Number of protein chains: 2
Amino acid sequence: MHVAVIGANGGIGRELLPRLADAGHDPIGVVRDESQFDEIRERGGEPRLGDLEGEFESALEDADAVVFTAGSGGDTDWGKTLLIDLWGARRVIDACLERGIDRFVMISAYRASEPLGDPEAMRPYWVAKRCADDFLEASALDATILRPTALTDDEGTGRVSASFEYDGEGGGDIPRADVGQAVVTALETDETIGETIRLFGGDTAIEDAVRPER
Amino acid sequence: MHVAVIGANGGIGRELLPRLADAGHDPIGVVRDESQFDEIRERGGEPRLGDLEGEFESALEDADAVVFTAGSGGDTDWGKTLLIDLWGARRVIDACLERGIDRFVMISAYRASEPLGDPEAMRPYWVAKRCADDFLEASALDATILRPTALTDDEGTGRVSASFEYDGEGGGDIPRADVGQAVVTALETDETIGETIRLFGGDTAIEDAVRPER
């Protein structure tokens, strides 16, 4: 599968690219700056330029699936959160619809289920993530929404805990590496289409955890 | 009609309350602070407390229609725009759905049709307004979305220009008083249900301007 990763140079994107390549896929690393191209290549991806506030559509050429893991980050104001995390996501979703790219995995956040939760300082972020998720969910795309709890840079374990319902309690921190692996597994597992999956650190093999019980 | 005005003490809300009362309706002025109650009463409204980041649902009791004209304004950061203009609006829409309050008028903004337009500094605001509008439009409510261009405090003229399509060109500034009158007319005109109406200063009587040609 040609998988375009939007935000390929972010914390999860960097873990995701080599895992996609190892699984036999062809990752496309979409970044804002050519200076990041070498790093994308080193991680097994084909680098392409894309600017979520400008032109990014050409970076989606030939993609069979898109993973959205871009975010304006903590060093910019909430205006950038509106423009990147929310509007950028909506633009990518619309571009997928226009181009017939059906498969989409969104990296969201645990509290997107309840944006007025605590800590209060994070609420605007959760509003933006939730609104992007809802737009995706209401679209005609084959979407999987992943909502990890707090992220760490620990080594991946290949094991997580997952929940298909929101209970407000959350769970342990999760390594970005395991979120990246969960994206690969989600893309390869059709039962995850239409699901919103909360991810925590845990002891279940990822391929079992992300599969909803029927 | 009992009309709950969310943001009753804002620029458009203050123009709207007496016009609703003059037209024979019963306006409910929803504000955050009891110190604003007298002013709401002077404008012909029944004051009620409501906090868009907390509890506001009881302020909707007995309402037949809701007008959303709340906004965090220009003195707070974009985080408040996410919490009030976007998430607050979504919460009010959800509360209307739960309570069977079918009629909803949203005060939006001209550039919500094209959030990446100019000036660049306003883009996050237009993203928030657009996302709230889209959530309303996709809901089961009988909604009218009004998208005025730049607002002034000039006296109302009773005349505007309106457009049912976005052409990117916009039109002249419009007094808040005329937007208030357009809300009253929209509430009384079932043909405006399901419409997104761009409003500018102009020469057409409001009751003619907001009626789509069939």
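## A walk through the chain B sheet

Strands β4(B) and β5(B) run parallel and are joined by 4 bridges. Keep in mind that this is a predicted model. In that pairing, B:F68 sits opposite B:M106 of β5(B).

Strand β4 (residues 65-68) of chain B is worth a look on both of its faces. B:A65 and B:V67 point one way and B:V66 and B:F68 the other, and all are buried. On the β1 side, strand β1 (residues 2-6) of chain B runs parallel to β4(B), with 4 bridges between them. There, B:F68 is the bridge partner of B:I6.

Now zoom out to the whole sheet. It is an open one made of 9 strands with mixed pairing, in the order β3-β2-β1-β4-β5-β6-β10-β8-β11 (chain B). Its edge strands, β3 (46-49) and β11 (204-205) of chain B, each pair on one side only. In general, strands of a sheet pair through backbone hydrogen bonds, in either a parallel or an antiparallel way.

| Strand pair | Bridges | Facing residues |
|---|---|---|
| β2 (residues 26-31) and β3 | 4 bridges | B:I28 and B:E46 |
| β1 and β4 | 4 bridges | B:I6 and B:F68 |
| β4 and β5 | 4 bridges | B:F68 and B:M106 |
| β5 (residues 103-107) and β6 | 5 bridges | B:R103 and B:D142 |
| β6 and β10 (residues 196-201) | 4 bridges | B:L146 and B:I197 |

How much of strand β6 (residues 142-148) of chain B is buried? Most of β6(B) is covered, with 6 of its 7 residues buried. β6(B) pairs with β5(B) over 5 bridges, and with β10(B) over 4 bridges. Between β5(B) and β6(B) the chain passes through helix α4 (residues 123-138) of chain B, in a right-handed β-α-β crossover.

Next, two helices that lie against this sheet. Helix α5(B) lies across β1, β4, β5, β6, β8 (159-163) and β10 of chain B, and its direction is at about 160° to β5(B). The axes of helix α1 (residues 11-22) and helix α5 (residues 176-187) of chain B come within 8 Å and cross at roughly 50°, so the two helices are oblique to each other. That crossing is right-handed. Among the residues making the contact are B:I12, B:L16 and B:L20 of α1(B) and B:V179, B:V183 and B:L187 of α5(B).

Over in chain A, two residues make handy stops. A:L82 lies in helix α3 (residues 78-99) of chain A. Is A:L82 buried or exposed? With a relative accessible area of 0%, A:L82 is buried. Leaving aside residues up to four places away in sequence, A:L82 touches A:W87 and also chain B residues, including B:W78, B:L82 and B:P124. From A:L82 to A:V66, 16 residues apart along the chain, the C-alpha separation is 20 Å.

The other stop is A:T69, in the loop between β4 (65-68) and α3 of chain A. A:T69 has a relative accessible area of 14%, so this residue counts as buried, the cut-off being under 20%. Again leaving aside residues up to four places away in sequence, A:T69 touches A:V5, A:I6, A:G7, A:I12, A:G13 and A:I107.

Terms used
Residues are numbered from 1 along each chain as its sequence is written. Chains are lettered from A and ligands numbered from 1 in the order in which they are written. This is a predicted model: local features need pLDDT of at least 70, side-chain atom pairs count only at pLDDT 80 or more; totals for chains, interfaces and linings use all residues. Side-chain values use heavy atoms; hydrogens and water are left out. Buried means under 20% relative accessible area, exposed over 50%, partly exposed in between (1.4 Å probe, protein chains only). Two strands pair if DSSP finds at least two bridges between them. A crossover is right-handed if, with the strands pointing away from the viewer, the path from the first strand over the helix to the second runs clockwise. Contact means heavy atoms within 4.5 Å. Axes are lines fitted to C-alpha atoms, for helices over the stretch in contact, and angles run from 0 to 180 degrees between N-to-C directions. Angles under 35 degrees count as roughly parallel, over 145 as roughly antiparallel, 65 to 115 as roughly perpendicular and the rest as oblique. A crossing is left-handed if the near helix is turned anticlockwise from the far one by less than a right angle, and right-handed if clockwise.
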